[in-house]
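Please open the structure in a viewer and keep the sequence at hand.

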Amino acid sequence: MKLDFSKKVVLVTGSSRGIGLGIGKLFIKLGAKVIFNSRNHDDLTKLIKKLDTPKAIGVVSDVTCPKSSRNLIEEVFHKHGPINNIICNVGSGKSCKPGQENFEEWQRVFELNLWSTTNIVESSKDFFVKEGGAITCISSICGKEYIPGAPVTYSVAKAALNSYVKSISLPLSKKGIRINVITPGNILFEGSVWDEKMKKDLDQLNKFISNEVPLGRLGNVEDVAYFCVWLSSEYASFITGNQFNVDGGQTRSF
C-alpha cells in the first residue's frame, strides 16, 4: 500500500498546533499541497516560516464564522484549484465544570466544536474536484459515550458532530464526497489537556491509563494522523458516514 497525495490539495482547519499540525505535516510528507488554517495570524506566520516548504500555505480564517469559512474555501479554490481533501480539526475540550453550564458557554463550545465543521462543509461542497473528494472530521470519544469528568458542553457538541457526519453523508454522496469522523481518545501533545495533567500529577495520570486504556499509553498525534490520511485516501473509497475510534481501546462497544 502506497499513500501518494502528489498534486492533491488538502485543507486542514485548526492546524497551527497539535493534531491538526501533525495531520498537515504528514500530508506534506506524502506529496500534498497543504493549506494550514488558524484564526491567529502570528501563530500561522511562524508555522509556515518554520515548515519552510512551498507545499505549506497558511490562510488565516475564523471558521466558526460562516462568512469567513466561505471566504477561506473560495481563496483556496481560486489560488490553488479544486480541493481533494478537507480535515475539519477545529475544536477544544476546555470548558466549565459539569453543572456550571450557561448559554454563553454552550454557544462558545458549539461554535468551536460543531459550527466550525458545518460552516466548512456547507461552504466547500461545490469546490471539490469533479470526481469528488473526502472530508474527515476530528471529534472525540466524549461524543461517543459518557466520560467521567468531561465537560458536558464539549461532550454534547461532539455527540452532535458525530450525528451530523452520519446524517450529512448521504446528501454529500450525491456529489461524490465522502465524509467520516475520527473519535480520538487521550492524545498527548504540547499544550494539550493531557500535557497539563501529566505536569500536574504524573502518578495519577499513569494510574488512569493503567486502569482505563487497554493499550496502556496515551495516544500521540501520529496515531491520529496516519489513520486520517488513510481514511482520506483511495484505499478508503467505499467508506462514508462512519465513526472510527482511535483511543487505545478505552471505548470498546460494538
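This is a predicted model: local features need pLDDT of at least 70, side-chain atom pairs count only at pLDDT 80 or more; totals for chains, interfaces and linings use all residues.

**The whole protein**

A cartoon display shows eight helices and nine strands. Along the principal axes, the C-alpha atoms fill a box of roughly 50 × 40 × 35 Å. The radius of gyration is 18 Å, in agreement with the value near 18 Å for a compact globule of 254 residues. Among contacts with a separation of 6 or more, 69% join residues 24 or more positions apart.

The accessible area comes to about 13000 Å², and carbon and sulfur atoms account for 53% of it. Of the 254 residues, 49% count as buried.

**The nonpolar cores**

In soluble globular proteins, nonpolar side chains tend to be buried together. Which residues touch the most other members of the largest nonpolar core? Select Ile-86, Ile-135 and Cys-137, which hold that position in a core of 36 residues. Elements that give two or more residues to this core include strand 4 (85-88), helix 4 (103-124), strand 5 (134-138) and helix 5 (152-173). Apart from this core lies another, of 28 residues; Leu-26, Val-34, Ile-138 and Ile-239 are among them.

Now centre the view on Ile-135. Leaving aside residues up to four places away in sequence, the contacts of Ile-135 include Ile-86, Cys-88, Val-121, Phe-128, Leu-172 and Ile-179. Ser-124, Arg-178 and Asn-180 are also among the residues that Ile-135 touches.

**The charged pairs**

Side chains of opposite charge can pair when their charged atoms come close.

- Select Glu-74 and Arg-70, whose side chains form a salt bridge with an N to O distance of 3.0 Å. Both residues lie in helix 3 (residues 66-80), four residues apart, about one turn of the helix. Glu-74 is partly exposed at 26% relative accessibility, and Arg-70 is partly exposed at 34%.
- Move to Glu-145 and Lys-144, a salt bridge in which the closest N and O atoms are 3.6 Å apart. Glu-145 has 31% relative accessibility, so it counts as partly exposed; Lys-144, at 25%, is partly exposed.
- Finish with Arg-217 and Asp-223, where the closest N and O atoms of the salt bridge are 2.9 Å apart. Arg-217 is partly exposed at 42% relative accessibility, and Asp-223 is partly exposed at 26%.

Terms used: Residues are numbered from 1 along each chain as its sequence is written. Side-chain values use heavy atoms; hydrogens and water are left out. A salt bridge is a side-chain nitrogen of Lys or Arg within 4 Å of a carboxyl oxygen of Asp or Glu. Buried means under 20% relative accessible area, exposed over 50%, partly exposed in between (1.4 Å probe, protein chains only). A nonpolar core is a set of buried Ala, Val, Leu, Ile, Met, Phe, Trp, Tyr and Cys residues joined through side-chain atoms within 4.5 Å. Contact means heavy atoms within 4.5 Å. The radius of gyration is taken over C-alpha atoms; the globule rule is 2.2 Å times the number of residues to the power 0.38. Accessible areas come from the Shrake-Rupley method with a 1.4 Å probe; for residues, only the protein chains shown count as cover.
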